[in-house]
Amino acid sequence: MPNPGEKAPPSDCSDPEGMPCRPRRARQAQESHDGDVPSLCPPRLPTSSPPQVLSMAELLETAQEVSRMTIAHEIVVNRDFKLQEVNFSPNSLESRVKETLHKAFWDSLKEQLSASPPDYTHVIQLLREIKETILSLLLPRHSRLRNQIEEALDMELIRQEAEHGALDIPNLTTYILGTMAMLCAPVRDEEVQRLQGVRNPVQLLREIVRVLDLMKMDMVNFTIQSLRPHLQDHSVQYEQKKFQELLAKLPNSLDHTTEWLHKAAAEVSASSLSSPSHPEVHGSPVPLSLGAVSRSSATPSPMSVLNQGYMNLLHWEPGTEKYPETLLMDQARLQEVQLQVNQLTIIAAVLLVSSSVCGSALFSSPGFVDRLKRVTKALLEGLPHTRPDKEHCRGGQCSAERNCAQNSRSLPKGLAPIEEELLEVGHRFGSMIHHNRQVYGPYYLGILKKVLPEPEAGIDSF
């Protein structure tokens, strides 16, 4: 029971009605349940407290949590996500270090086996690692096979045989290859079969380790594929919980997101003021600062502001503005969409100019439009990130692309030749922002309730 005489820490977060948000402590985020929707008011440090400094252990723990959250997010939004073998460039430092260390180990193993009597120290260590890897590939129902492997690769018995010079490496590798053939995916059958013809024991052990690493990767990718439906069902709650825990440790983790929404709100308000229903004051719209939105009779809705913020991502200037924290995990994908939109804008302009110059007879000839699109796209591939003029984008071709991205009305007739490409980009963009809005909608709404002077009554979600 709380002490009646204890004062609650001050909170600098309040709603538009002036009602203070309930103060929270860092531990409350950890005590929240997985399905709980996070508070609209992100946790803040008391104004009198010094900046929070995390220890090295806390920083490492936070980095690991962010890494787990990123992997889970990637599995959900990227259906093609899978682990792949890391291939360093031949002349890179990583490649040279890896090659040097591997060569040193296998050369040492070769020297030990060539000695008289042979030294099996490295072999025993290698067989132990091979056994552990094979056991990690087994499913819970493989209890009988697990017992067989434990018996065939009994490390205590192998150590005793090595001490007496009676270790039969060919027999052990034959059993290992047979077990690998039973457990490997069909795509690895050929590689495992090829190992049957390797006679050099050092080379054989080296190839066994390599193929086992690939089999581990196959098992991880199979597990990812199996877990994806479950993660999709719980991804929103999981990401909300993890982001709330991150906010408890780093309360300033929404600063760039707040600036992003401030800017979007100012743009929407300025657009509404300059529309025919809101005449200009003395020939120019009322200027708006980044941190305030004019109190007009037509206050923009939170949804219109959020949509404007999402559309601003399609002409984001790299290096000039900080990306919103809530969109960092999708930044690479959004930049790809941005590049596609810019390319489609230029292709559409080329097609419109070609139609007016060449005439309908040539433009409507079979294959002309498709060939022109391929040539234009090939020319754009070799150029840096070409982007159309922002003002032209707002009033011209990109406005149609925005409508397509938001799954709204039909395209203008002039954009019919790239309708398929626009629909594909729009679907990809819409999927990303839909998931983002589901996860971070409560935080966006909490920010917009303070940004907008007169938010719509009763708005609790998007």
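## Terms and model

Helices (H or I, at least four residues) are DSSP runs, numbered from the N terminus. The model is predicted: local features need pLDDT of at least 70 and side-chain atom pairs count only at pLDDT 80 or more, while totals for chains, interfaces and linings use all residues. Residues are numbered from 1 along each chain as its sequence is written, and side-chain values use heavy atoms, leaving out hydrogens and water.

## Second largest pocket

A pocket is an open set of points on a 1 Å grid over the protein atoms alone, where a 1.4 Å probe fits, with protein on both sides within 12 Å along at least five of seven lines; lining residues have an atom within 4 Å of a point. Helix α16 (419-451) supplies the largest share, seven residues.

## Largest pocket

The largest pocket has a volume of about 610 Å³. Among its 20 lining residues, Lys-98, His-102, Val-209, Arg-210 and Asp-213 lie nearest its centre. Helices α3, α4 and α9 (201-249) each give two or more residues, and α9 gives the most, with seven.

## Around helix α4

His-122 is found in helix α4. This residue is buried (under 20% relative accessible area), at 17%. Excluding residues up to four places away in sequence, His-122 touches (heavy atoms within 4.5 Å) Phe-105, Ser-108, Leu-109 and Gln-112.

Pro-117 lies in the loop between α3 (93-114) and α4. The peptide bond from Ser-116 to Pro-117 is cis, with omega near 0 degrees.

Key. Buried < 20%, exposed > 50% of the residue type's maximum accessible area, 1.4 Å probe, protein only. Points joined across faces, edges and corners; volume = space filled by probe spheres on them.
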